[in-house]
Amino acid sequence: MSDTSDSVGGAAVERARLDVDIACVGFGPATGGFLTTLSRHLVKDDGSPALESRTSPGMPLQVMCYERADDLSFGVSGVCTRARAIQDSLPDLDPDVIPMAAPVHNEKVLYLLDPVGASRRSRLVKLGDLFIRALRFLLPFETDALRLPYIPPFLRKDGGLILSIGQFNQWIAQQIMGTGLVQIWPGTPVAEPLIEDDKVVGVRLVDQGVDKLGQPDAGFMPGMDVHAALTVVGDGPVGPVGRQLDERFGLPEGHHQREWAIGMKFVVDLREHSGLEAGTILHTFGYPEPEIFGFLYVHPGDVASVGIFVPTWFDSPARTAYRYLQHWMLHPYLWRYLKGGKLRSWGAKTLGESGRRGEPHLVGDGYARIGEGSGSTNVLTGSGVDEAWETGALLAQAVIELVRLDKPFTRESLQATYVSRRRASWMERESQVAEKARDGFQRGFVTGMVGMGLAGFTRGAVTVPGGPVPPYKRLPTLEGYYRGRVAPDEIARIQREALEKGGSVHGALMDRCGWPQIPMDGQLLVSHQDALLMGGKVQAPAGYADHVVFLYPNLCEQCGTKICVEVCSGQAITPGPNGVPAFDREKCVHCGVCMWNCAVPHPDDPERTNVAFRAGTGGLHSSEN
Ligand SMILES: Cc1cc2nc3c(=O)[nH]c(=O)nc-3n(C[C@H](O)[C@H](O)[C@H](O)COP(=O)(O)OP(=O)(O)OC[C@H]3O[C@@H](n4cnc5c(N)ncnc54)[C@H](O)[C@@H]3O)c2cc1C
Ligand code: SF4
Ligand code: SF4
């Protein structure tokens, strides 16, 4: 270890420097796949290096992995997965050894009708609902839900697993660290990539002992510079390191990241004899709004993961996923199972849904991108864990080949070994099928569903035309969205009252549109604030800068929707003085929703928004999501 110098807030600082062979950013399934594959090839049976380090000759490759969250079990996901890549890497995997894992054995897809008459359904959807109700005695229809009699093969999870991503990450991290060959450091956010002449030479860890603005404060400790021959970026859908690379190197021609979904979930202790067996999967669409998809996966021990996705194409400028999640749970088809259950854990996270179209430059001199931040998530099947794992495993194979051949980690060599493997993989073939599968949703829910079916059955040959547009172009005003339902002056009154009383504008508008009050039971139906306390366990160690930054306060002052306040999963963004929102780091769950949803484009790059999401520690502390 040696030191390097630079400056913070105008003052010179000495930074510790560490030299390793490989530095990894983030520990999710992608890095899990990378490190699992690589760690098996680092030493020979006699313990001598099989892949020798260049920084520490005589030793195996020196591999470091830095994870932002304060535990290696961070993660918010479903997860139901076909687990093809995971089972390829772990052929003897016995699901019983992973807490909360269960083999998939019963899968249903349900179209939920609206039992309360408050959702915003087009005439076509209403007509379809009437038709279904009229023929209900002939159809697989019960408690306001139509079970699809056939699940297309591209959606099925046969032979797959239901997992808790927190438990899976924790379990796989133990296996990797158990080899003694790789270090994984939780609670260690990476601030930025170190770039010299367009070559990534490693990463800089965040400064500690700073104030909210990042200026040195009591106990200031500048983040270490970790120099590495290869930097592996697996920082997920809102990863600040990946985003900085994109800002520096741009995206490939025609690529953009305009689609995402807010995923919000509960882990629920089911009542005894709930009627749900471990391994059961329910996928839903149609309610509480047609555009909102839902999932219910049953783990062993009468525990279920339940949640919804609020996608980009749901054009409401005021969308609190939390209230929708409650109405979704209360749908009669689901409530008969969930009634009597108890909230055990809660979580929210963004899901990057641009897929292949959002793929960044996968490699460059000194770096490679893996996982969801590299566009691996399949937007047709809603599957990301296995795909992320596969990208990591493929990169590890490439690294093994390059080290054996004593070749450097240049753009060309990584292209020839990693990218070529990725292009030849099942993951790539399936992501091509999925690439335009959801374009139909730009024209409405029904066209979207038709488009998905067409893309799936024709293997991507036929799709509904249309491409996603950035949020500032598609989000209507509140007045526009509620036209015909709530008058503009009433919206203004509701907004005023919400500001005075600190309530949710969306909540009040939902009340006004006929959504019933949630019958709170203190167990599963609890206020958003209570869910954060009972199931969120948010932590924010002192001495770190704010990681959510409103870049141009003057733009916030003029912003009418203030959608960042409404969408904030953790209630960490509240109305602030002069129209500029206030951010409370102690409530932030690092979901990234504010960054994607801000309705105002960045003045220099309209593909970005007025919210910067930077590297930060803390956030959700749950090992079960
Ligand atoms: C609610 C929800 C439900 C889902 N359901 C399913 C499902 O049923 N099936 C399925 O296959 N997929 C599902 N997904 C998608 C799946 O979870 C993701 O595709 C998958 O987790 C991506 O893995 P990853 O390793 O690329 O990224 P992530 O899992 O996001 O991991 C990235 C890691 O990087 C860390 N990190 C970020 N920035 C930094 C930094 N600066 N420094 C250090 N560390 C950093 C993060 O803390 C995180 O731990 C779901 C997602 C959500 C949100
Ligand atoms: S962050 Fe974006 S959405 Fe929030 S007030 Fe500022 S401009 Fe508006
Ligand atoms: S402030 Fe934090 S919790 Fe709120 S939306 Fe942004 S990232 Fe999510």
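Colleague: Where does Pro-288 lie?

Modeller: First, the ground rules: this is a predicted model, where local features need pLDDT of at least 70 and side-chain atom pairs count only at pLDDT 80 or more, while totals for chains, interfaces and linings use all residues. Residues are numbered from 1 along each chain as its sequence is written, chains are lettered from A and ligands numbered from 1 in the order in which they are written, and side-chain values use heavy atoms, with hydrogens and water left out. A cis peptide bond links Tyr-287 to Pro-288, with omega about 10°. Helices (H or I, at least four residues) and strands (E, at least two) are DSSP runs numbered from the N terminus, and Pro-288 is in the loop between strand 17 and strand 18.

Colleague: What is the strand order in the open sheet of eight strands?

Modeller: Strands pair if DSSP finds at least two bridges between them. The edge strands, each pairing on one side only, are strand 7 (141-142) and strand 20 (342-352). Pairing is mixed, and the order is 7-8-6-17-18-19-16-20.

Colleague: Which residue in strand 20 is the bridge partner of Trp-260?

Modeller: Strand 16 (residues 260-269) runs antiparallel to strand 20, and ten bridges join them. In strand 20, the partner of Trp-260 is Gly-352.

Colleague: Why is one side of strand 4 and of strand 5 left without a neighbour in the sheet?

Modeller: The open sheet here has three strands, ordered 4-9-5, with antiparallel pairing. Strand 4 (80-81) and strand 5 stand at its edges, so each has a single partner strand.

Colleague: Which residue in strand 9 does Cys-80 stand opposite?

Modeller: Strand 4 and strand 9 (residues 161-162) run antiparallel, joined by two bridges. Opposite Cys-80 stands Ile-162.

Colleague: Where is the place of Met-100, which has a positive phi?

Modeller: Met-100 is not a glycine, yet its phi is about 70°. It's in the loop between helix 2 (84-89) and strand 5 (102-103).

Colleague: How many nonpolar residues does the shell around ligand 2 have?

Modeller: Residues count as near a molecule if a heavy atom lies within 4 Å of it, and those around ligand 2 include Cys-556, Cys-559, Lys-562 and Asn-610. Ala, Val, Leu, Ile, Met, Phe, Trp, Tyr, Cys and Pro count as nonpolar, Asp, Glu, Lys and Arg as charged, and the others, Gly among them, as polar. The shell has one charged residue, one polar, and, for nonpolar, ten.
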